[in-house]
Amino acid sequence: MAAGRTRILVLGAGFGGMELCTTLSETLGEQVDVTLIDKSDHFVFGYSKLDIMFGHAAPDAVRLPYKNFVKPGVRLLRETVQSIDPTAKRVTTDKGTHEADILVVALGADYDFDATPGLKEVNEFYTVAGATVLRDVLPNFKNGRVIIGVCGAPYKCPPAPSECVLMLHDYLETRGVRANCDLTLIIPFGTPIPPSPETAKALLGEFAQRNIEWVPQRRVASIDASRKVAVLDDGSERPFDLFLGVPKHRAPKVVEDSGLAENGWVPVNPRTLATKFAGVYAVGDIANTGTPKAGLFAEGAAKAVASEIIAQLKGGEPHLYAGQGICYLEFGGGRVGRVDVDFFSGPAPTGSYHAPSLELRAGKQEFGASRRARWFGL
Ligand SMILES: Cc1cc2nc3c(=O)[nH]c(=O)nc-3n(C[C@H](O)[C@H](O)[C@H](O)COP(=O)(O)OP(=O)(O)OC[C@H]3O[C@@H](n4cnc5c(N)ncnc54)[C@H](O)[C@@H]3O)c2cc1C
């Protein structure tokens with residue numbers, strides 16, 4: 001490290017961490033000493049799990065190796081964070097200790113399988129491993145009851161369970177077995193997309209048209225795998241032949257143990273992402289901003305922290321996190337819809353709906369391709 005350069009330590013090379021480091025590198029290059037730490041050797045877009053599960057993409061094809069994330073001024077280290085001292089801005093990993101002038105925690109959300117008894121004995125589609133298992137399970141499923149059930153809120157990408165059930169309908173229809181199957185979606189919200197009544201109405205219309213049962217405001221509390229029954233939070237029971245779960249989410253344990261988290265997530269100023277510790281920020285799924293746990297929101301928060309750091313070092317006015325983002329939604333039949341959500345401009349979150357079309361599929365592809373190019377040069 002060159003003497004005098006500000007040391008910026010970023011934990012987690014996901015949507016938030018990579019966007020932050022890319023923006024810092026573009027603006028400050030070698031003027032700062034940025035270290036980015038991740039335990040994995042590759043990144044996978046969240047939506048790729050749906051592609052894997054339905055056989056649209058092979059697991060190897062969606063892994064984006066970090067060796068291709070090459071940015072001037074940024075060192076990317078493959079290490080596992082084991083403890084964080086936010087007062088000293090000191091982080092210990094399996095390989096050593098790092099000290100920083102500015103610390104940014106972008107470690108995302110973990111899954112808490114133990115919070116839902118029995119969940120480990122059925123299927124889930126929120127990890128690459130779970131989606132890969134399902135890729136091999138689904139072709140043998142010919143008849144019976146399927147439940148797609150959410151085990152707790154908040155969870156990543158709120159539209160994903162709705163997308164999953166519509167894609168599953170298509171999948172079973174294409175194989176000529178849809179008429180032999182019942183599909184049920186259980187989520188803990190009153191509507192599939194709370195900030196956008198128009199999008200929610202469109203999704204509910206698609207469920208009705210496809211004879212998909214929709215169970216709102218309920219979460220799956222436990223699974224009795226021997227009886228093949230899901231027990232909901234009101235005590236009611238739902239039998240299934242195939243259960244596809246969304247596990248309860250939690251902050252990574254290392255963050256809980258650090259004293260950064262309160263009530264499960266890291267409290268921040270929602271516009272600056274500053275934590276209560278001086279010089280420590282949290283971005284993305286780990287931070288409690290009131291905005292959804294989704295990639296574009298992590299990216300927007302990262303841009304705001306980057307602008308704050310750049311303003312500290314070079315002067316100028318930082319810009320605040322706008323709490324705005326777009327979500328592309330698989331509606332089935334190859335069609336993609338879009339909702340543009342805005343959490344901070346008005347008194348309540350709003351969402352504007354763009355009806356599904358094949359053109360919007362091109363938009364979703366461009367969303368992935370532009371990030372692949374920006375972060376990985378691919
Ligand atoms: C099925 C599914 C579909 C989705 N679809 C979309 C979509 O269409 N659009 C969208 O915008 N978002 C989508 N998402 C959500 C999106 O993937 C996340 O919200 C986003 O990745 C959050 O970014 P992040 O930077 O906060 O965390 P992440 O991207 O999760 O990155 C966190 C990083 O921290 C690393 N890490 C964790 N613990 C440690 C440790 N102890 N030591 C070192 N490294 C560690 C992890 O390896 C990871 O790389 C989807 C998610 C799922 C599961």
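In strand β18, the residue that forms a bridge with Glu124 is Gly245, and two bridges in total join β11 to β18 (residues 242-246), with the two strands running parallel. Helices (H or I, at least four residues) and strands (E, at least two) are DSSP runs, numbered from the N terminus, and two strands pair if DSSP finds at least two bridges between them. This is a predicted model, in which local features need pLDDT of at least 70 and side-chain atom pairs count only at pLDDT 80 or more, while totals for chains, interfaces and linings use all residues. Residues are numbered from 1 along each chain as its sequence is written.

**The open sheet**

- The pair β11 and β18 belongs to an open sheet of five strands, whose order is β11-β18-β12-β13-β14 and whose pairing is parallel.
- Because β11 (123-124) and β14 stand at the edges, each with a single partner strand, one side of each is left without a neighbour in the sheet.
- Strand β12 (residues 144-150) is joined by six bridges to strand β13 (residues 181-186), and these two strands run parallel.
- Strand β13 is in turn joined by four bridges to strand β14 (residues 212-215), again in a parallel arrangement.
- Leu185 of β13 stands opposite Ile148, and Leu185 also has Trp214 in β14 as a bridge partner.

**Crossovers and helix α5**

- A right-handed β-α-β unit is made by β12, helix α5 (residues 160-174) and β13, where right-handed means that, with the strands pointing away from the viewer, the path from the first strand over the helix to the second runs clockwise.
- Another right-handed β-α-β unit is made by β13, helix α6 (residues 197-209) and β14.
- Helix α5 has 15 residues and reaches 21 Å from its first C-alpha to its last, close to the 21 Å expected at 1.5 Å a residue, the expected span being 1.5 Å times one less than the number of residues.
- The buried residues of α5 include Ala160, Cys164, Val165, Leu168 and Leu172; a residue is buried if 20 or more other C-beta atoms lie within 10 Å of its own, exposed if 12 or fewer, and partly exposed in between, with C-beta atoms placed from the backbone.
- Just after α5, Gly176 takes a positive phi of about 75°.

- The domain assignment of the protein gives domain 1 (7-109 + 251-320) and domain 2 (112-249), with bounds that come from an automatic or database domain assignment.
- The C-alpha centres of domain 1 and domain 2 lie 30 Å apart.
- The contact between them takes 14 residues from domain 1 and 17 residues from domain 2, where two residues are in contact if their C-beta atoms, placed from the backbone, lie within 7 Å.
- On the side of domain 1 that touches domain 2, helix α2 (residues 48-53) provides the largest share, four residues.
- The largest nonpolar core has 109 residues, of which Val104, Val105, Val266, Val283, Ile286 and Val305 touch the most other members; such a core is a set of buried Ala, Val, Leu, Ile, Met, Phe, Trp, Tyr and Cys residues joined through C-beta atoms within 7 Å.
- Helix α8 gives the most to this core, with eight residues, and the core draws at least three residues from each of domain 1 and domain 2.
- Not counting residues up to four places away in sequence, Val105 touches Leu11, Ile84, Val255, Leu260, Val266, Ala282 and Ile286.

**Helix α8**

- The 20 residues of helix α8 (residues 295-314) should span 28 Å at 1.5 Å a residue, and the end C-alpha atoms of α8 are 28 Å apart, which agrees.
- Just after α8, Gly315 takes a positive phi of about 85°.

**Two arginines**

- Arg218, found in the loop between β14 and β15 (220-224), is partly exposed, with 18 other C-beta atoms within 10 Å.
- Leaving aside neighbours within four places in sequence, Arg218 is in contact with Ile186, Pro188, Leu232, Asp233 and Asp234.
- Arg374, found in helix α9 (residues 358-376), is partly exposed, with 14 other C-beta atoms within 10 Å.
- Arg374 and Val44 are 330 residues apart in sequence and 15 Å apart in space, C-alpha to C-alpha.
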